Amino acid sequence: MGALIVAATAVTARAETVLETSNEVRFQFDFKVSAAALAAVLPQGFTSDVATQGPAKDCNLRVVFIDRVTINNADSTPKGKGTNQLVYLVAPVKSPSGEQVQLVIGGLTADPSDAPGPFGNYLHATTHTVKRSTETPASGDGPMIESQDWHFAAPSGEHFVLHITYERGIMNKRNLTDRKYYSAKNPSYYQISREEQVLDILRNLPTNPPDRVKQFSLELGGGSYAKLFDGSQQVLSWDNILWINRAVVLP
């Protein structure tokens, strides 16, 4: 699934509890970080699951900037404030049973009521700003140029500051898929995210497609994330998720 290659369970009828639905805009980075630093934050029995080929090759951690444009309860009414912005860290892993899943390591959230959040490890970002813009060529010919600026910081030092300008591509919609997200803090807890999305890979080192990133800077780490981002980390993929529709369910 592009740079978001993860194990997917089949979408089948089952007894479930729908927690919420949402429409989101995301920007995702695939990283290769220190294997030792990552292993130190994995719960017992969970192991890193690194792809050996394809766009996600060598990725062991993702940083995902998320604008939750709308958040609704199962009955379609707004949930809480009805919107939120956050950034979280998620690692492709194998569970103790050997299943390929995603593990939420932590995150920074703009909404204080969302901390510690569903996975028990979100921090409130007392600094949080998001700005996105789209420029269409006056002639009507040529590519659309988009810019994104995100700034999240917690009082304890954890921070993510992104600026990127890129050429928007022509994208295919990805099929509806189920993914399991486990909590690194409470590893017995997981959610199923049932999602469909449009993913645009702007730059990717493993497969080297045309590079459409025009400007880029990213500052991250600090506090409890300092060892994961110690200066040795490498960005492998720059992925614009133009939209993602999700239903979060419990089995």
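**Aromatic rings**

I began with the ring cluster: ring pairs join Phe27, Phe29, Phe31, Phe65, Trp150, Phe152, Phe160, Tyr166, Phe216, Tyr225, Phe229 and Trp238. The rule I used pairs rings of Phe, Tyr and Trp (its six-membered ring) if their centres lie within 6.5 Å, with planes under 30 degrees apart counted as stacked, over 60 as edge-to-face and the rest as tilted.

I note the basis here. This is a predicted model, in which local features need pLDDT of at least 70 and side-chain atom pairs count only at pLDDT 80 or more, while totals for chains, interfaces and linings use all residues. Residues are numbered from 1 along each chain as its sequence is written, and side-chain values use heavy atoms, with hydrogens and water left out.

I searched the whole structure for aromatic pairs and got 16. I looked up Phe65 and Phe160, which pair edge-to-face at 6.3 Å centre to centre, with 90 degrees between the planes. Phe65 is in strand S3 (residues 61-72) and Phe160 in strand S9 (residues 159-167), so this pair ties together parts 95 residues apart in sequence. Strands here are DSSP runs (E, at least two residues), numbered from the N terminus.

I then checked accessibility, where buried means under 20% relative accessible area, exposed over 50% and partly exposed in between (1.4 Å probe, protein chains only). Phe65 is buried at 0%, and Phe160 is buried at 0%.

I also looked up Phe119 and Tyr189, an edge-to-face pair with 6.1 Å between centres and 70 degrees between planes. Phe119 sits in the loop between strand S5 (100-109) and strand S6 (122-124), and Tyr189 in the loop between strand S10 (173-183) and strand S11 (190-204), so the pair ties together parts 70 residues apart in sequence. Phe119 is buried at 4%, whereas Tyr189 is partly exposed at 25%.

For charges over rings, I required NZ of Lys or CZ of Arg within 6 Å of the ring centre and within 35 degrees of the ring normal. Arg203 lies over the face of Trp238, 4.7 Å from the ring centre.

**Lys185**

I looked up Lys185 in the loop between S10 and S11. Lys185 is exposed, with 54% relative accessible area. I listed its contacts (heavy atoms within 4.5 Å). Leaving out residues up to four places away in sequence, Lys185 touches Phe119, Gly120 and Asn121. I also took the C-alpha to C-alpha distance from Lys185 to Asn208: 36 Å in space, for 23 residues in sequence.

**Salt bridges**

I counted a salt bridge where a side-chain nitrogen of Lys or Arg is within 4 Å of a carboxyl oxygen of Asp or Glu. The count came to 19.

I checked Arg168 with Glu146, where the closest N and O atoms are 2.4 Å apart. This pair links distant parts of the chain, with Arg168 in the loop between S9 and S10 and Glu146 in strand S8 (residues 145-153), 22 residues apart. Arg168 is partly exposed at 27%, and Glu146 is buried at 6%.

I checked Glu167 with Lys214, a salt bridge with its closest N and O atoms 3.8 Å apart. Glu167 belongs to strand S9 and Lys214 to strand S12 (residues 213-221), so the pair ties together parts 47 residues apart in sequence. Glu167 is partly exposed at 22%, and Lys214 is partly exposed at 48%.

I checked Arg212 with Asp200, which bridge at 2.6 Å between the closest N and O atoms. Arg212 is in the loop between S11 and S12 and Asp200 in strand S11, twelve residues apart, and the pair links distant parts of the chain. Both ends are buried: Arg212 at 14% and Asp200 at 4%.

I then traced shared partners, which join Glu20, Glu24, Arg26, Arg68, Lys79, Arg179, Glu195 and Arg246 into one salt-bridge network.

**Largest pocket**

I worked on a 1 Å grid over the protein atoms alone, taking a pocket as an open set of points where a 1.4 Å probe fits, with protein on both sides within 12 Å along at least five of seven lines; lining residues have an atom within 4 Å of a point. Points are joined across faces, edges and corners, and the volume is the space filled by probe spheres set on them.

The largest pocket holds about 480 Å³. I found 29 lining residues, of which Glu20, Arg68, Ile71, Asp114 and Pro118 are the closest to the pocket centre. The elements giving two or more residues to this lining are strand S1 (17-32), S3, strand S4 (84-94), S11 and strand S13 (234-250). S1 gives the most, with four residues.
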